[in-house]
Amino acid sequence: MKPVGKLIVIGGAVNKGSFAETDYDQNIEKNLNFFERGILRKIINESKLKENSVIEIVTTASQIPQIVGSEYKKAFEFLGAKNVNVLDIHNREEANSDAMVARANAADVMMFTGGDQLRLTSILGGTRFHDTVLLKYQEQDFIYSGTSAGAAAASENMIYQGSSSEALLKGEIKTTQGLGLIDNVIIDTHFVQRGRIGRLFQAVVNNPRTLGIGLGEDTGLFIHNDVMTAVGSGLVILVDGRFIKDTNLTNINLGEPISIDNLTVHVMSMNDHYDLTTKKLTIENSQFNPIPQDK
């Protein structure tokens with residue numbers, strides 16, 4: 001059964017324009033380019049009540065929740081959102097409280113900020129708050145949006161540790177269970193800027209049924225009805241292991257380099273679509289699409 005809700009995962013460093021910068025007003029035209037065309041606008045437009053939607057900024061993953069929450073609240077409000085709140089859950093007791101469950105039930109959008117995805121899952125995983133979010137996503141017109149840690153934690157399994165430079169040495173990548181909103185994918189963030197493609201290669205060769213998703217900064221995927229659409233200014237890398245022909249994975253020791261034959265990689269940019277059911281990528285501005293002729 002396909003979820004009724006919508007999922008928006010973002011690679012991190014969302015160029016929302018910092019309201020804490022003293023020269024923000026002088027750079028308003030540059031920042032407006034993001035506001036008008038970018039990811040936060042997409043979240044509002046796709047939400048149930050648009051500017052009147054109840055948006056909760058969940059800062060649990062962050063070590064500086066007051067700063068992060070305030071920035072996102074101001075950015076959403078700049079775009080016209082009227083009901084934006086910051087929800088900072090510090091521990092599992094709070095995540096199981098009636099108050100937090102009530103706020104989750106009242107929300108149309110939840111924006112999970114960056115930070116430490118293991119902190120996010122260890123505090124929220126298996127709590128009443130987590131169960132409420134999953135149920136709303138399955139059954140209601142609800143948006144789960146996550147950036148950086150919030151994106152990495154959205155899938156059933158997530159990467160929580162592993163260096164970029166040593167990523168293709170056996171055992172270097174550590175994975176654990178995520179929040180479980182989407183199955184059979186694994187998401188890595190800050191992907192292009194931090195050179196993390198090797199991390200995704202290892203995660204996929206460990207289980208080739210899993211689709212690897214690498215999100216660049218200020219780039220995301222809008223996922224609804226099993227179709228993923230790229231949004232934002234950068235790139236999305238997809239790693240498909242279904243057609244792997246050979247690997248040395250089970251014949252090498254921990255710390256030794258991994259070989260992989262015939263790994264498939266796709267690159268998406270803004271408005272490209274990938275169908276999770278058919279496994280087909282559609283490039284929006286394909287050079288092979290017929291050019292309309294004037295009559």
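The largest cavity holds about 40 Å³ of space. The structure has two cavities of 30 Å³ or more. The model is predicted: local features need pLDDT of at least 70, side-chain atom pairs count only at pLDDT 80 or more, and totals for chains, interfaces and linings use all residues. Residues are numbered from 1 along each chain as its sequence is written, and side-chain values use heavy atoms, with hydrogens and water left out.

**Cavities**

- Rolling a probe the size of a water molecule over the atoms shows where empty space is left.
- A cavity is a set of points, on a 1 Å grid over the protein atoms alone, where a 1.4 Å probe fits but cannot get out.
- Grid points are joined across faces, edges and corners, and the volume is the space filled by probe spheres set on the points.
- Pro208, Arg209, Thr210, Leu211, Asp240, Arg242, Tyr274 and Lys279 line the largest cavity; lining residues have an atom within 4 Å of a point.

**The four-stranded sheet**

- Four strands form an open sheet with mixed pairing, in the order β8-β9-β12-β15.
- Its edge strands, β8 (185-188) and β15 (264-268), each pair on one side only.
- Neighbouring strands of this sheet are turned by 20° against each other on average, direction ignored.
- Strands β9 (residues 211-215) and β12 (residues 236-240) pair in the antiparallel sense, over four bridges.
- Leu215 stands opposite Val236 in β12.
- Helix α9 (residues 197-206) lies across β8, β9, β12 and β15, and runs at about 30° to β12.
- Strands (E, at least two residues) and helices (H or I, at least four) are DSSP runs, numbered from the N terminus; two strands pair if DSSP finds at least two bridges between them.
- Axes are lines fitted to C-alpha atoms, for helices over the stretch in contact, and angles run from 0 to 180 degrees between N-to-C directions.

**The annotated active site**

- An unreviewed UniProt entry places the feature "active site" at Ser148, His190 and Glu217.
- These residues are spread over 70 residues of sequence, yet cluster in space, with a largest C-alpha distance of 8.6 Å.
- UniProt positions follow the numbering used here, feature names are shortened, and annotations may be inferred rather than shown by experiment.
- Ser148 is in the loop between β5 (143-147) and α8 (149-152).
- Ser148 is buried, with a relative accessible area of 11%.
- Buried means under 20% relative accessible area, exposed over 50%, partly exposed in between (1.4 Å probe, protein chains only).
- Leaving aside neighbours within four places in sequence, Ser148 is in contact with Ile10, Gly11, Gly12, Gly114, Thr189 and His190; contact means heavy atoms within 4.5 Å.
- His190 lies in the loop between β8 and α9, and counts as buried at 9% relative accessibility.

Notes: On a 1 Å grid over the protein atoms alone, a cavity is a set of points where a 1.4 Å probe fits but cannot get out, and a pocket is an open set with protein on both sides within 12 Å along at least five of seven lines; lining residues have an atom within 4 Å of a point.
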